[in-house]
Amino acid sequence: VLASKDRSEVLIGNDTRLSGYMLESAMEAGLAAAGIHVRLLGPLPTPAVAYLARTFRAAAGVVISASHNPYWDNGIKFFSGTGYKLDDALELQIEHHLSLPMELVASRNLGKAVRIDDAAGRYIEHCKGTFPMHARLDGMRIVLDCANGACYQVAPKVFRELGAEVTVIGASPDGMNINEAVGATAPAALAAKVQEERADLGIALDGDGDRLVMVDHLGRIVDGDALLYILAKSRQGLGTLPESLSQGPQGVVGTLMSNMGLEVALSRIGLSFARANVGDRHVLEMMQARGWTLGGESSGHLICLDRTTTGDGIVAALQILAYLCETGDSLANAYAELECYPQIMVNVEVHDKQTVMQHPQVLQAVQDLEQELGGNARVLLRPSGTEAKIRVMVEGPDAQQVRAQCEALASVIRGVIA
């Protein structure tokens, strides 16, 4: 797929999992055997590989990582030479080639592999370049959680070099502790440390650095919905949210899981909101289709297309901090007007997700509940992408009512599969 007469070049980065170097060696050997040159980046955040693939004018960037998953999982992410994730058609083409005999080149045409020693430094400078030139973080006390993952070397340097006083946790990877009770998927440790240090705020990244969750000075966890609201408000308030050339006024892309409170809050400040399917790939596709520059998920995948080509936890955090510097506001006050609705989710284990999703009794139960709730609440049934489960979500202003309705709908599904 990648080989060509101009001797294409591919970059490979990884997170801190024990299996990362083993898979790196295998991929390096396979690409070289196909005549492709390889640049090895070592442990680096996923968005760093996307950025470097673009600056090196590479054919592709490869990340060996299972993101927020535990160490015993691993996976591979691909980026094009423009720094964007590959589209579905090209990924299917790659999967097709995996089933075919490998095409090898003659020995004289083998690809070469070199390790890039300054990759981390290049990415650090890129991150700092997304922060306003006139601003510094002097006097700001930050607790930074690197999830024992790919950001453990670069993230502390970024925030310290911009002037912040940084206390770091989750920066001692041993190959097996990535995401273990730390990071964006387990921010309780960060919240406790922020309180202990009496810090201004906390920043939690995930294992491969493409997610961001923050903690305010009161120890409250600030999820992706709240951070996306701050980003939108900051862009609008500072006049950096221009009209799209193709679709008119700018808006914000969330997902089916984004809280209704976010939609209401954005509407209050005059911004449109659109929901994509769950997954940062779908968010990005909708952003590009509409010509919008901000999007993200409640999990903390935040995309600022005016700064990066993919979700980037460090860059997103810097955009939040830039707003706080410009306004003199605290993180707690920056999202104070956002009122999130109670959102209850129940996972129901099933054998055949599609059959359950299309069952007449289930469809009728969803329809009845939607009519009962009216336009002030939401019902969502979603098959898990990785597990044999149906995710049942009900969201509305009354927590007790929402909980009861979610359990009732889950009971209907359990009755169907019994």
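Visitor: Which residues line the largest cavity?

Guide: In this predicted model, the largest cavity is lined by Pro47, Ala50, Tyr51, Arg54, His126, Arg307, Thr308, Thr309, Thr310 and Asp312.

Visitor: How is empty space found in the first place?

Guide: Rolling a probe the size of a water molecule over the atoms shows where space is left empty. In this structure, the largest cavity comes to a volume of about 50 Å³.

Visitor: Which helix gives the most to the lining of the largest cavity?

Guide: Helix H2, residues 46-55, gives the most, with four residues.

Visitor: How does the lining of the largest cavity divide by class?

Guide: Four of its residues are polar, three are nonpolar and three are charged.

Visitor: How many cavities of 30 Å³ or more does the count give?

Guide: The count is two. The second largest cavity has a volume of about 30 Å³.

Visitor: What lines the second largest cavity?

Guide: Its lining consists of Arg141, Ile142, Val143, Glu165, Thr167, Glu197 and Ala199.

Visitor: Which strands each supply at least two residues of that lining?

Guide: They are strand E6 (141-145) and strand E7 (165-169). Of the elements in the lining of the second largest cavity, E6 gives the most, with three residues.

Visitor: And what classes of residue make up the lining of the second largest cavity?

Guide: Three are charged, three are nonpolar and one is polar.

Definitions and conventions
Residues are numbered from 1 along each chain as its sequence is written. This is a predicted model: local features need pLDDT of at least 70, side-chain atom pairs count only at pLDDT 80 or more; totals for chains, interfaces and linings use all residues. Side-chain values use heavy atoms; hydrogens and water are left out. On a 1 Å grid over the protein atoms alone, a cavity is a set of points where a 1.4 Å probe fits but cannot get out, and a pocket is an open set with protein on both sides within 12 Å along at least five of seven lines; lining residues have an atom within 4 Å of a point. Grid points are joined across faces, edges and corners, and a volume is the space filled by probe spheres set on the points. Ala, Val, Leu, Ile, Met, Phe, Trp, Tyr, Cys and Pro count as nonpolar, Asp, Glu, Lys and Arg as charged, and the others, Gly among them, as polar.
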